[in-house]
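Please look over the chain below before reading on. The report then takes up its backbone, its salt bridges, its cavity and its domains.

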Amino acid sequence: MSWRDFLQLTTRALTAHRLRSFLTLLGIAVGIAAVILLTSIGEGIHRFVLDEFTQFGTNVIGVHPGKTMTHGTPVGVLGTVRPITLEDSEALARLPNIVAATPMVQGNAEVEANGRVRRTTIYGVGPAMARTFKMKVAIGSFLPPDDVHNPRTYAVLGSKMRQELFGSRSPLGERLRIGGSRYRIVGVMESKGQVLGVDLDDSVFIPAARGLALFNREGLIEVDVSYEAGLSSAHVAEQIKRLMIARHGREDFTIITQEDMLRTLSNVLDILTFAVGALGGISLLVGGVGIVTIMTIAVSERTNEVGLLLALGAQRRTVLGLFLGEAILLAAIGGVFGLLLGTGLAQLLHLAVPALPVHTPWTFVLAAETLAALIGLTAGVLPARRAARLDPVEALRAE
């Protein structure tokens with residue numbers, strides 16, 4: 001049988017019962033649309049979070065006090081955690097291959113300036129913070145290098161904080177009061193926007209030692225280290241670990257690389273993607289059962305036609321191919337409808353909610369269409385084998 005005859009017979013069988021074929025492929029279409037819609041949202045969120053993380057650079061390692069460890073019994077004195085100090089931060093900055101290191105302490109305090117008062121987030125940081133996180137200063141300068149333990153009372157405003165306190169007027173050289181202490185404003189940062197829900201623009205940056213005194217803390221909440229591009233984060237993390245153990249006497253800290261954070265994030269999103277894929281898979285399973293049912297009915301209805309084909313000399317594998325082709329074509333058309341429906345719904349959702357990131361990779365589209373065809377192939381095997389095994393004489397006698 002030629003390919004033209006094969007395609008003609010296959011498509012004619014589907015167009016002969018348009019409504020029945022449409023309702024059957026609708027099950028596959030709904031399943032594929034659900035998979036495409038949900039995976040587009042998941043991939044969009046994945047890319048959004050990835051961009052949020054990497055906008056501060058890709059070579060940053062955080063050193064946090066305390067070791068992530070579970071003990072079976074209280075460990076007493078041996079379990080105490082030595083705080084991470086400004087001296088630790090300075091020592092980390094002197095390691096080879098380290099570009100910059102900045103101490104970090106954070107809290108909320110009342111800020112008063114220009115006759116206005118509001119509470120906001122205060123970051124106690126080092127002069128290398130802007131370089132560590134690749135942040136830019138809009139006007140003025142960032143905190144200058146100073147005496148680590150007794151820095152001058154300088155402050156740098158986030159762009160939103162500058163607007164709230166001083167409007168469009170330049171705040172350079174102006175004074176503001178934080179927690180009873182007066183600071184002189186030396187710079188304003190460029191707008192950075194919200195990063196994973198944290199508004200860095202609505203912040204004030206002061207020297208870390210001043211931040212420790214303001215929040216009455218003994219140690220830093222973390223030290224962030226940026227290293228030279230091209231180096232392995234594991235190699236740099238090992239350098240940091242050796243230095244910190246030498247300074248603290250034991251490993252009472254936790255080192256978190258960006259790769260660790262992204263790996264954790266990817267695991268969470270992979271689970272989310274698997275869950276939504278499973279939901280779509282249920283719809284596809286229902287669609288596959290529908291194809292099995294319709295193809296079984298089709299074999300019963302066309303027994304005479306099969307008998308005639310076999311009597312005219314058609315091979316059994318040709319009959320098998322005809323019914324398999326019908327099942328695959330039915331599922332593939334349903335897959336195309338599902339792709340159009342899912343992609344369209346994803347774009348409509350993005351238009352309705354612009355803040356929701358949506359992205360549909362071509363690999364997902366190809367995988368979904370391939371999956372639809374495979375479901376059609378699997379669902380058509382049993383009815384096609386039944387048709388191919390029919391006895392020509394008995395088939396011609398059937399009504």
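Is asparagine 216 buried or exposed? Asparagine 216 is exposed, because its relative accessible area is 72% and exposed means over 50%. This is a predicted model, and every value here is computed from it. Asparagine 216 sits in the loop between helix H6 (208-214) and strand E11 (222-227). Its phi is near 55 degrees, a positive value in a residue other than glycine.

Lysine 134 also deserves a look. Its phi is positive, about 55 degrees, although lysine 134 is not a glycine. The residue is found in the loop between helix H4 (129-132) and strand E4 (137-140). Lysine 134 has a relative accessible area of 56%, so it counts as exposed.

## Salt bridges across the sequence

How many salt bridges does the structure hold? There are ten salt bridges. One of them pairs aspartate 88 with arginine 247, at 2.5 Å from N to O. This pair links distant parts of the chain, 159 residues apart. Aspartate 88 belongs to helix H3 (residues 86-93), and arginine 247 to helix H7 (residues 233-248). Aspartate 88 is buried, with a relative accessible area of 1%. Arginine 247 is partly exposed, at 29%.

Another salt bridge joins aspartate 202 and arginine 118, with the closest N and O atoms 2.6 Å apart. Aspartate 202 lies in the loop between strand E9 (198-199) and strand E10 (203-207), and arginine 118 lies in strand E3 (residues 116-125), so the pair ties together parts that are 84 residues apart in sequence. Aspartate 202 counts as buried at 15% relative accessibility. Arginine 118 counts as partly exposed at 23%.

## A charged network

Which residues do salt bridges with shared partners join into one network? Start with the pair of glutamate 305 and arginine 302. Their side chains meet in a salt bridge of 3.5 Å, N to O. Shared partners then join Arg302, Glu305 and Glu326 into one network.

The accessibility of the pair can be stated briefly. Arginine 302 counts as buried, at 16% relative accessibility. Glutamate 305 is partly exposed, with a relative accessible area of 31%.

## The cavity

The structure holds one cavity of 30 Å³ or more. The largest cavity has a volume of about 40 Å³. Which residues line the largest cavity? They are Arg302, Glu305, Val306, Leu309, Val319, Leu322 and Phe323. Helix H9 (303-311) and helix H10 (316-352) are the elements that give two or more residues to this lining.

By class, the lining has five nonpolar, no polar and two charged residues.

## Domains

Where do the domain bounds fall? The domain assignment gives domain 1 as 3-52 + 263-397 and domain 2 as 82-251. The C-alpha centres of domain 1 and domain 2 lie 56 Å apart.

Terms used:
Residues numbered from 1 in each chain as written. Predicted model: local features only at pLDDT ≥ 70, side-chain atom pairs only at ≥ 80, totals over all residues. Heavy atoms only, no water. Helix = DSSP H or I, 4+ residues; strand = E, 2+ residues; numbered from the N terminus. Buried < 20%, exposed > 50% of the residue type's maximum accessible area, 1.4 Å probe, protein only. 1 Å grid on protein atoms, 1.4 Å probe; cavity = no way out; pocket = protein on both sides within 12 Å on 5 of 7 lines; lining within 4 Å. Points joined across faces, edges and corners; volume = space filled by probe spheres on them. Nonpolar A, V, L, I, M, F, W, Y, C, P; charged D, E, K, R; others polar. Domains from an automatic or database assignment. Salt bridge = Lys/Arg side-chain N within 4 Å of Asp/Glu carboxyl O.
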